[in-house]
Amino acid sequence: MAKPQTPKPEELVKVDYGTPGKSWIDIPVEFKDGHWCFGSRPEFLEAVGMPNARDWKPDEADWKLPDDWKDTILQGIKERLEKYRSFHIFMDICVRCGACADKCHFYIGSGDPKNMPVLRAELIRSIYRKYFTPGGKVFGKFAGARELTEEVIKEWWYYFYQCTECRRCSVFCPYGIDQAEITMIGRELLNLIGTQTGWIAGPVANCYNKGNHLGLEPHTLSSNMEYLVDDIEEITGIRVEPSWNRKGAEILFVTPSGDLFGDPGTYTAMGYLMLFHELGLDYTWSTYASEGGNFGFFTSMDMAKRLNYKIYAEAKRLGVKWIIGGECGHMWRVLHQYMDTWNGPADFLEEPVSPITGTKFENAKSTKMVHIAEFTADLIKHGKIKLDPSRNDHLNVTFHDSCNTARGMGMFEEPRYIINNVVNNFHEMSEEESREKTFCCGSGSGLNAGENMEIRMRGGMPRANAVKKVRDKHGVNMLANICAIDRATLSALMDYWTPDVGVCGAHELLANALVMTGEKKRTQDLRLEDLPGMEEEANEEGDE
Amino acid sequence: MGILFSLLIVVGLAVVALVGASMGHGMQMFFGVIVPYVSLAIFIVAGINKVVKWGRTPVPFQIPTTCGQQKSLPWIKHSPIENPNDTWGVVRRMALEVLLFRSLFRNLKTEINDGKLSYGSEKLLWLAGLAFHVSFFTVVLRHLRFFITPVPAFINITDSLDGFMQVGAPHLLLTGVILVAATAFLLYRRIGMAQIKHISLPADYFPLFLIIGIALSGIVMRYVTKVDIVKVKELTMGLLSFSFTVPSGIGVVFFIHVFLISTLLAYFPFSKLMHLGGVFLSPTRNMPNNSREKRHINPWNDTFGTEVHTYAHYEDAFREKMKDAGLPVEKE
């Protein structure tokens, strides 16, 4: 299947916020090119035992839904109304005040009214009313209720995969109604009848069987890391020696597999390797638990729990004391708000204490899992690492708060503290576009495929627009973040909207500035690009 | 269509009460006593039922929406209200939310000009929403004078504050004016602003028209037709003591007023108006953000599928490759 062409930025930016003259209920869903992902292949679903696996194509009229699909969906809604107070209340209390409407990056970028969080929720609320409330049963359309049809399933599928579960709407909602929660349950329902996207189902199957989304087998992981180790040696003259699956290490380190595979994530992984080496940290990587991210979270809670299981299981098998997690967004929503509930209590681990500073991480004393930005900020505060921020002087940096660490955790200061200690030029995006009001990259929650590029670029427009403002005003040329998905998706977004701005992880910047014991004079940054200024000196030294 | 439909229903309700109350004592008994009792019973029973249903639904995960800095390292300034990590923080967050509509106060207006997005402050919805709720609450409070003898001092104080402008006789009560103005603005948003109109349902227009009807009939009684307050109080006190008296000569507007209120009460538990109860139970607002510090228990955690891919499965699949790559294995 060919990937559709994405219109040029100057075309895409002309967004029409007009509304159609009739009720949204009467407007059938239209699958626009570049707005949806391909359907899952049956083998992906079969690999993890998900129901109703089949070959199907979203743009064909017949979705080959199972015969009892309607009962399955209605039973699924009923079950979730009984299991989730959030879902139950969010179905009942929305007053449609519209405060959320223009807060969604997909609505801002597309102008499609059904991308207003309120209407995205009404897509499912209308069914809830029809089958579960007296008003909806009696008054039908006047009560905002409608019949569950195949068209509705298609509409759900189209729009629940145009929501990145970023929670920005929930910040502005007077009742805290969280569209992420509704989307998650909507996707769970769709999953019950086998309508999953390939881009999500593939990584889930990979992660289940091979330990990571990319499907990297153990020997590939370790050999990939050797490339990074070689690069580090070229840059610093130091050969770092990471270990894999090592029993008895003090700390297990888990990060998204994307950091070991594609640029610019690999530079962040090099940053981790260099930092841990310099500290002499007793830690290990795992090939079995080689994925910090969790695409299962984009299918069902059940699947998410089954994938997440590996982290504690591996920590127990290896006998480590506690766990550090790398830079990632949804990974941290899962680790922070779900892991302990699903797979805890981790009573076989110890309350995390930094072996370098002695700091007790009180906020993680139950999960025993610490975010690397917390760990590193503590190191810097205690002066345990030597930093030369001038090595990042060619960079003018701004920081993108990832949705999940922002609104599902509240980690704002730790990464900023690190960045401010490792670069000399830092400029914030405006208050309306950062921290708890940060805009999504437009491709989170499993939407970072190729075939839906137009909606990704539309959804990412508000983020790109904010970057453009600091670029034009302050000359920003680097967009730092603490999320593996961001590193991949913001790169595509910047290429499209603001081509002269690069993307990096916070620990790439840190490692550039990190003065390592016994290192040679740095003439290159982690990307093996010449460091401006340093290069000349090096040549002079070479001449002598 | 939803707008006209909702308006017609409210007008129809008023006409029903008007005609009914003009038909003599028997029907006045119906509209003045039976309907209020029944609707109040529905309001209480169905309303409690809904809240109990919500309350009995588990909260499987700790999912606060965090709007400020988490509590982590001791030297990093924590934001205890926007991102509470204990009950006291949650109480303060909820108080701001319920009493001052904190989240709505954040509201921004997104605009695009020449490809540039900008975000302006947009406080009108917050102001109108707050004005509406506060004035409605005060009006309800003032009405307690019809149900308590002697009238408690705080109600008299509320009344005199409310009428401090001392315009007209009886004094113009400000909250009545604010209530009508705020409701009118909320209605204007739904009719005059295209995006809000597009998301609005009959269920959004109906309560607005109903409340406007209630407020206007109340204002008419106070300033225009001047119902006999003493007789009204006789009736309301009778309702409280189950003595079921409807004094003659109260005036039909009173019955319209009471019938619309009764409709609102009976409609309330089945509608979005239940946000009154729901706002307190919303898990994204009323939970502390301390899920890594203290394990949150999901009562149905065990009902999840248990099939997992264990390390043993994994090593069995990759043992030779692992050995070749020099990776440690459990079984040689």
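# Chatting through chains A and B

Modeller: Chain A has a radius of gyration of 24 Å, and because a compact globule of 544 residues would come out near 24 Å, the two agree. Keep in mind that this is a predicted model.

Colleague: Good to know! What box do the C-alpha atoms of chain A fill?

Modeller: Along the principal axes, the box is roughly 85 × 50 × 45 Å.

Colleague: And how many helices and strands does chain A have?

Modeller: There are 24 helices and seven strands in chain A. Buried residues account for 61% of its 544 residues.

Colleague: What about contacts in chain A between residues at least 6 apart, how many join residues at least 24 apart in sequence?

Modeller: Of those contacts, 77% join residues at least 24 apart.

Colleague: Let's do domains. Where do they run in chain A?

Modeller: The assignment puts domain 1 at 25–196 and domain 2 at 204–513. Their centres, taken over C-alpha atoms, are separated by 30 Å. Domain 1 of chain A brings 26 residues to the contact, and domain 2 of chain A brings 32 residues.

Colleague: Which helices supply the domain 1 side?

Modeller: Four helices of chain A each supply at least two residues there: α2 (42–47), α5 (105–110), α9 (168–172) and α10 (179–192). α5(A) gives the most, with five residues.

Colleague: Switching to sheets: what is the strand order in the open sheet of three strands in chain A?

Modeller: The order is β5-β6-β7 (chain A), with parallel pairing. β5 (397–399) and β7 (502–505) of chain A are at the edges with a single partner strand each, so one side of each has no neighbour in the sheet. From one strand to the next, the twist averages 30°.

Colleague: How many bridges hold β6 and β7(A) together?

Modeller: Four bridges, in the parallel sense, with β6 of chain A covering residues 478–481. As one example, A:N481 has A:G505 in β7(A) as its bridge partner.

Colleague: Now the other chain. How many residues does each chain put into the contact between A and B?

Modeller: Chain B puts in 82 residues and chain A 93 residues. Several elements of chain B each supply at least two residues of its side, including β1 (108–113), β2 (116–121), α9 (202–224) and α13 (311–324). The largest share of that side comes from α13(B), with six residues. By class, the chain B side divides into 40 nonpolar, 28 polar and 14 charged residues.

Colleague: You mentioned β1 and β2 of chain B. In what sense do those two pair, parallel or antiparallel?

Modeller: Antiparallel, over six bridges. B:I112 has B:L117 in β2(B) as its bridge partner. The two strands form a hairpin with two residues between them, and B:D114 in the turn has a positive phi of about 50°.

Colleague: Speaking of backbone angles, which residues of chain A other than glycine have a positive phi?

Modeller: Among them are A:K64, with phi of about 50°, and A:R96, with phi near 55°. A:K64 is in the loop between α2 and α3 (69–83) of chain A, while A:R96 is in the loop between α4 (85–92) and α5 of chain A.

Colleague: Is A:R96 buried or exposed, and why?

Modeller: Buried, because A:R96 has 23 C-beta neighbours inside 10 Å, and 20 or more is the cut-off for that class. A:K64 is partly exposed, since 15 other C-beta atoms lie within 10 Å.

Colleague: Last one! What does A:N343 touch?

Modeller: Leaving out residues up to four places away in sequence, A:N343 touches A:K305, A:N308, A:Y309 and A:Y312. A:N343 is in helix α16 (residues 339–343) of chain A and is buried, with 20 other C-beta atoms within 10 Å.

Methods. Residues are numbered from 1 along each chain as its sequence is written. Chains are lettered from A and ligands numbered from 1 in the order in which they are written. This is a predicted model: local features need pLDDT of at least 70, side-chain atom pairs count only at pLDDT 80 or more; totals for chains, interfaces and linings use all residues. The radius of gyration is taken over C-alpha atoms; the globule rule is 2.2 Å times the number of residues to the power 0.38. A residue is buried if 20 or more other C-beta atoms lie within 10 Å of its own, exposed if 12 or fewer, and partly exposed in between; C-beta atoms are placed from the backbone. Two residues are in contact if their C-beta atoms, placed from the backbone, lie within 7 Å. Two strands pair if DSSP finds at least two bridges between them. Axes are lines fitted to C-alpha atoms, for helices over the stretch in contact, and angles run from 0 to 180 degrees between N-to-C directions. Domain bounds come from an automatic or database domain assignment. Ala, Val, Leu, Ile, Met, Phe, Trp, Tyr, Cys and Pro count as nonpolar, Asp, Glu, Lys and Arg as charged, and the others, Gly among them, as polar.
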